[in-house]
Each structure stands twice: as C-alpha cells, then as structure tokens.
Amino acid sequence: MQPSAGMVLGVTLAQAQGLQAATTDLSQFVLPLTGSSNGGNTFPGVSLPFGMVKLGPDLYTGSDSYSGYQSTGSFIGFSLLHESGTGGAPKYGVVAQMPAVGTIDNPLEDQSVNRSSADEARLGYYKSSLSNNVTVELGATAKAGLFKYQFSENAAASNVIVDVSHVLPSFRGQGLGQNYLGGNISVTTTSGGVRYQGSGSYDNGWNRAPKWTVYFCGYFDQPATFKTFLGKNSAGEDLADYSTATSQESEARLGAVFTFKSVEVTSRVGVSFISADQACGNVDEEIPAGTTLETLEDNVKTAWNNQVLSKITTTDTSNTTRLQLLYSSLFHMSLIPTNKTGENPLWSSSEPYWDDIFTFWDLFRCTTSLFHILQPVAYEEFIRSLVDIWRNEGFLPDARSSFFNGATQGGSNGDNVLADAYVKGVRGAVNWDDAYSAMVTDAETVPANNNDPRDTSSSTKEGRGALPDWKAHGYITTKYGRSVSRSIEYAGNDFALYQVAKGLGKDEDAQKYLNRSRNWRNQWNSNLTALGFSGFLGPIDESGNFKDQDPLSCGGCYWGDDYYEALPFEYSFNAHHDINKLIDLSGGKDKFLSRLEKFFEGGVSSGNSQFNHTLFNPGNEPSFTTPYLFNFVGRQDLSVKHSRYTANSYYAPTAGGLPGNSDAGAMESWLLWSMIGLYPMTSQTTFLIGSPWFKDLTINLGSGKTLKITTTGGSDTAYYVQSLKVNGQSWDKAWVTWDDIFAKGGTLDFVLGSEATQWATGDAPPSPATESS
C-alpha cells in the first residue's frame, strides 16, 4: 500500500508562518518530559507524529507505568511500542531489549537495574544511564527503532536480553493487566553481526483486548555469541531450555541473550503487525545499516517541525516558558492516535487505518477539533478510518487499541467527532452516507454485553449499552451503570446525528434525533438542591421515580455508579447543544451566572484539594467547557478570568505540569485553545472567544490558508478583551463560526487591557437544540 498522505504530511519548512521554522528550530521548545509525572502519564521517548513506534524505557515501581516511563523505580526494559497519557491499565511495552553485564545464568529472573542519573530527553533523542554502568541511547522512525549501548570497559560481559514475554504490567487488580500468550524467536549470524526475528502475542490492557500479535526483526552491528531460552510457563522464572538452539517457539516465556566483546553495540529493530518479513522490510527501509543516532534525531526533529510545530507560529518570543508550553503541548497531543495504515492484520482495505484512540470520551470536547484544524489531511484519513472500522466490525469505536474497540465510558462519542467533521466541511474521500449509517448503528442498535466486571449492566466495548432505556423512556434508569452521565452524553450523540441528517437532507431523521437530543431534560430533577441552587441531573430508578442525590457527590464516581468521574453539579453544565434550555431550567440567566461563579469558588468542594477545593476540576474533561459558558450570559470577561487562571495555575512545562492525566493530549489541547483565544463547541460550527496569549499567532490551516491572530495592549496582568475585529470588521459577539475564520482563513485582532469591559453586546452564542421562542 502507498503511504497515506498523513504519513508524509507537510514536507517543506518554507510553509511555516510567523516564526519561521526554516531559521528557528521549534523543537528546542519541546520538553518531552512535560506531564510525565504526578499522574500526567505522558510518553517522553522518541516518536514521529502519530508514529507506530514509540521507543522508550519501561520502569518498575510497583505501580502502573502507563507510558513505560516513571521518574523513580528500576529499568525492566526498553521497548518499541507505547502509548501516551493513558489510564485504566498500561498498554504495550512490547518488543523490548534489556542490557545486562556479567554472566546471565537465568534470563527469566529479575534483570531490573536502577538509574545512576536522571534520564535525558529531547525531541528525537532519549538517554538512560543505568547503575550497572551501561548507557542506553534511543532513536526512532515510524516503524523501527535504534538502540545504542555503551558498556563499561570493565564489564565482565556485555549482554543484551530479548525477552519476548516482556509487557508493561498492571498492579491495580482490575483484571486489565496484559498477558503474554506465546511467541517465537529465531537467530542467525550475519556478516559482522547477528539478526533475530519472531513474534509475540498478548492480550488485555486498558481496553480489555483479546489476543493480538506483533512481529519484530532486529539486528546487532557487532559479532555476538547467543543463547536462546525457553521457560516452563508463560509467567514464571523456571527455565526449560537455555542453549545454543537457534530458535524457540512456545506459549511459555522465551527469548535470546546476546553477548558481545565490544563495549559499544548498536541494534536496529523493526516492527509490524502483519509479518516478520514486513518487520524486516520496515527496519531495512527506515534504518539501513550504518544509520547514526544523530541522523535519526535530525530526521525526527525535521518531521515534527514540518508536520506539527510549524502549524502554530509566533514572532512573540519574549516568554520562553510560554513557548515551551505551546510546543510541548503540540508534541504531546500528536503522539496518539497511531497511524497504522498498511499494518492492519484484520482486513484488507484501500482506506487508511488508525488505532490507539484513547478515548473519544476524553478527546471529543476539544482535541479532535484541533486535530482537524492543524492536520486537515491526516484528519480526513482518520475519519475515513473510523468509518471503515464500522464497515468491518459493525460499530464505530469510542476507543480502540491493538485493533479492538473499547472502552466506552459514556456515550457513543465517535458520533460527535463525525458530526464535528461534517459541519466543518470535511469531505474529500469520506463516504458520508456510510458515516451516517455508522452513527445510526450507534443510535439504534444495542451492542452485545461484553460483561465487563467494572459494569456488567451493558456493553463497555462500543455503542450505547443503555440504549433500551433511552429509546423506551427518553431517560436512563439506574438499571444501567453511569446512568446519569450517559444520559447527557446520549443527548449530545443524538444531536450529532441531527446535524449530519440535516446536512444530508434526511429531514425526518433530523427531526427525530433533534427531539431525542432534548431528552436530557427528562433526567433533570428540579427538586435537587445544593448551595442555594435548585435543579440538577439526577438518577431515576427502574420504576421511573427520581432518587435523592447530593449534587456535590458522585459516590464512587466510577463505572457502576450513576455519574462517571464527575459530580452532578459538574455534569449539569454539559448540555452544550441546548444551553438556552439549560439556562432556563437553572432559573434564568442571573441564576445561571451565579451558579457558574459558585462552580469556580474556592473552598466549596470537600475534594479537589489540589484545585483550592473548587467544584471545577480542570483535570477532568466534563469540566473542560464550563469556563467558557459565561459567554452565553453576557460575561465573556469571566470566561477569560477563569480560563486564564486555570492555565496559569495548573499548567507548566515541567514533569508535574498537568492538572491531571494527559488523556492522550486532551489536557494539552485544552491549554492550546486557551493560548489561541478560542474554544470549540463540538458538533457545532461555533467557537467561543477567550483571550490569546501572544502578540501574534499564525495558524497554518493548509491549502495556503491561515488564521492570523494579533493582540495589542496585552501583558501578564492585562488580558481582558477590550475590543475585537474579525477579518478587519468590528465585532460585538463573544463567538465566531467556522466559516468566519477557518473555512477560508481569516484574522482576529484583539485589543486587551487590565480591566474587564462589556464589549460583547451582540447576540449570544447559538443554542441549536433549543426550540425557537
């Protein structure tokens, strides 16, 4: 298959706008370790944008190493496949090598080694220094990786262990830990070195996936003696064979130990999900013999500069911290999903294939819309891939990894992603009739229950498991886990169907799904009260009666509870397609404004101590849009106040610099929108206006189009909007549309100041699901 356009995206530095990437290496502002500690779970190793290979360290601490990396603990390997910013349980950490010194009597025993100094990470390069006086340097391409080992001159023996059973383990006890299911390895000598190839099969991880297989092909550039090994079972340390046999194949643990006389050893390893031959082809093509680490680093930097970093540029270079936040955020939101076009083992197709989607519940609010703007070619391919998954598997993914759907935390939020693309003009080779049919499957077909122990009430794999209640009653009862949070999301999903049905001229469907999108109102319990406010989304028992509920508590806040990961108070702001009705149910504009202000008040919540005990939780997605809802009630200044405070207080270009789990770049994309001075309303063409951080920004929209943003009068204390011009025209609304500034490009010229002013006196943002009065 030919490389997809997304794989060869952006090939000339001269296309960069503003701060010219041709003269300024924007990669210098990327700090890969940003967000890697304190629960951010970002991947700091080496990867191309959306690359299949993410080469980095795997560490053991006794807690889950989601991206492989932890700042403490001991090294258990260096592997080619990882994800970034995930939770639930680790995924991948496979196709590994581990350096060791001295005689290796049993390679199945603990071979972990501590650090001797902190790891070094820069874009395109990673280095670890081990307490056994070995240094490991890493480089990567899309489908291959390079390991460079420096052993001590005094080492008794220089070894590299290839343990096919190596995976990232989980210690949470949820039954999600990955399992090694078997594999094979064969070793041959080459002129001047040695080669090995084989495969490993595994299951589980955060998406509870069944068996999947990865193939590998590796070379060492130095002569070596070797032994292969075979365990007695799939998990233990007992050896069945440890000999000069050239191959092993079993469901038991297996691998090889390579021993070198040289103190400097380089290894090149390719991976594939199709075959070992394809893995060999990948490494031979992408890292030919003799390729240096420096060449790979330069190539990775060039790719990131061309394809990602140069999409947003500025001449305002006075604040390095802000530049580091900008470009580190672009880096971490562009690691996954993974472009695996040409590497899908499940079906043959001329369509692109993307994998490792974690998860649309995390991404649909503001990440996918930014992905569309910054990567329009790749994004169209991504949309096509989603539709092709439905064609071949029957449902759109709400999340997906290792070629398997799951896990669905709330609604079928792939619907929102498709609708957002549709209303913003994504066409190209997307078959929108099929895309709409995929959405209808979500809206009408109950998925088979996968009996997830976290919630056995309905499917967590795909689709809408609580659909029987939603269709029969127009609400979801406590028969189903996450009943309340799913109801507000199902409403948004149905609004997404309305948008696409309307555009395709399916008027009857459009009216049906518009009506269904209003059913969140049936879950609104006007008798629930908290902090002087009445009316919140509440649970309904199987007899159709509201249950009592504290709006300030979500109980366990997990899969089997009524609310998933957020408070009733929090979810009760989430009817983003029907805001005017939400304002009405909340008691009108003044009461809604007061409710919003209370949401951001310190000392109100019994939890969220890291956020000054606010009900607002900047570390979780159901709170993402709420800072900008002030725009709907004439107080754009308060949207600026709270979004800027959140960004300044809880984000930094440091290892602990995220307010929560990155969630595959969701946190970073929220910050990027704050920097840009806009915020998207998903499935709509509306963007709410905030306040840009830089004196100028140029966003490269592709096809020769740009959005140019300027500010005058701004500073660290002067960030309130005083006035705005859109495309040179004075503007009095706290929102713009896709057509205003993105469809053909445009300009936004802000005047900022230290005092709040009521400049946005025009029409409020649209509330498209609310009936016209």
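This is a predicted model: local features need pLDDT of at least 70, side-chain atom pairs count only at pLDDT 80 or more; totals for chains, interfaces and linings use all residues.
**Notes on the helix packing and one loop**

1. Which residues of helix 11 are buried? Within this helix, residues 507-517, they are Ala510, Tyr513, Leu514, Arg516 and Ser517. These residues span an arc of only 160 degrees around the axis, so they sit on the same side of helix 11. On the face turned away from that buried side you'll find the exposed residues Asp507 and Glu508.

2. Next, helix 10 against helix 11. Their axes come within 7 Å and cross at roughly 160 degrees. Angles over 145 degrees count as roughly antiparallel, so that is the label for helix 10 and helix 11. The crossing of this pair is left-handed. From helix 10, the contact uses Ala491, Asp494, Phe495, Leu497, Tyr498, Ala501 and Lys502, while helix 11 brings Asp509, Ala510, Tyr513, Leu514, Arg516 and Ser517. Sorted by class, the residues of this contact are eight nonpolar, one polar and four charged. Ala510, Tyr513, Leu514, Arg516 and Ser517, listed above as buried, turn up again in this contact.

3. Helix 7 and helix 8 make another pair worth a look. Here the axes come within 10 Å and cross at roughly 150 degrees, which makes helix 7 roughly antiparallel to helix 8. Helix 7 goes past helix 8 in a left-handed crossing. On the helix 7 side, Asp415, Leu418, Ala419, Ala421 and Tyr422 meet Trp432, Ala435, Met439 and Asp442 of helix 8. The class tally for the contact of helix 7 with helix 8 is seven nonpolar, no polar and two charged.

4. Helix 6 (residues 376-393) and helix 7 (residues 414-423) pack at about 135 degrees, and their axes are 11 Å apart. How are helix 6 and helix 7 oriented to each other? They are oblique, and their crossing is left-handed. Tyr379, Ile383, Leu386 and Val387 of helix 6 make the contact with Val417, Leu418 and Ala421 of helix 7. This contact has seven nonpolar, no polar and no charged residues.

5. Away from the helix pairs, check Gly538, in the loop between strand 24 (533-537) and helix 12 (568-571). Is Gly538 buried or exposed? Its relative accessibility is 0%, so Gly538 counts as buried. Setting aside neighbours within four places in sequence, Gly538 is in contact with Val484, Gln523, Asn525, Leu528, Phe546 and Tyr563. Asp548 is 10 residues from Gly538 along the chain, and their C-alpha atoms are separated by 7.8 Å.

6. Lys547 is in the loop between strand 24 and helix 12 too. With a relative accessible area of 36%, Lys547 is partly exposed. Not counting residues up to four places away in sequence, Lys547 touches Thr478, Asn525, Leu528, Pro539 and Asp541. Asn525 and Leu528 are among the contacts of Gly538 and also among those of Lys547. How far apart are Lys547 and Gln307 in space, C-alpha to C-alpha? The distance is 51 Å, for two residues that are 240 residues apart in sequence.

Technical notes
Residues are numbered from 1 along each chain as its sequence is written. Side-chain values use heavy atoms; hydrogens and water are left out. Buried means under 20% relative accessible area, exposed over 50%, partly exposed in between (1.4 Å probe, protein chains only). Helices (H or I, at least four residues) and strands (E, at least two) are DSSP runs, numbered from the N terminus. The arc is that of the directions from the helix axis to the C-beta atoms. Axes are lines fitted to C-alpha atoms, for helices over the stretch in contact, and angles run from 0 to 180 degrees between N-to-C directions. Angles under 35 degrees count as roughly parallel, over 145 as roughly antiparallel, 65 to 115 as roughly perpendicular and the rest as oblique. A crossing is left-handed if the near helix is turned anticlockwise from the far one by less than a right angle, and right-handed if clockwise. Contact means heavy atoms within 4.5 Å. Ala, Val, Leu, Ile, Met, Phe, Trp, Tyr, Cys and Pro count as nonpolar, Asp, Glu, Lys and Arg as charged, and the others, Gly among them, as polar.
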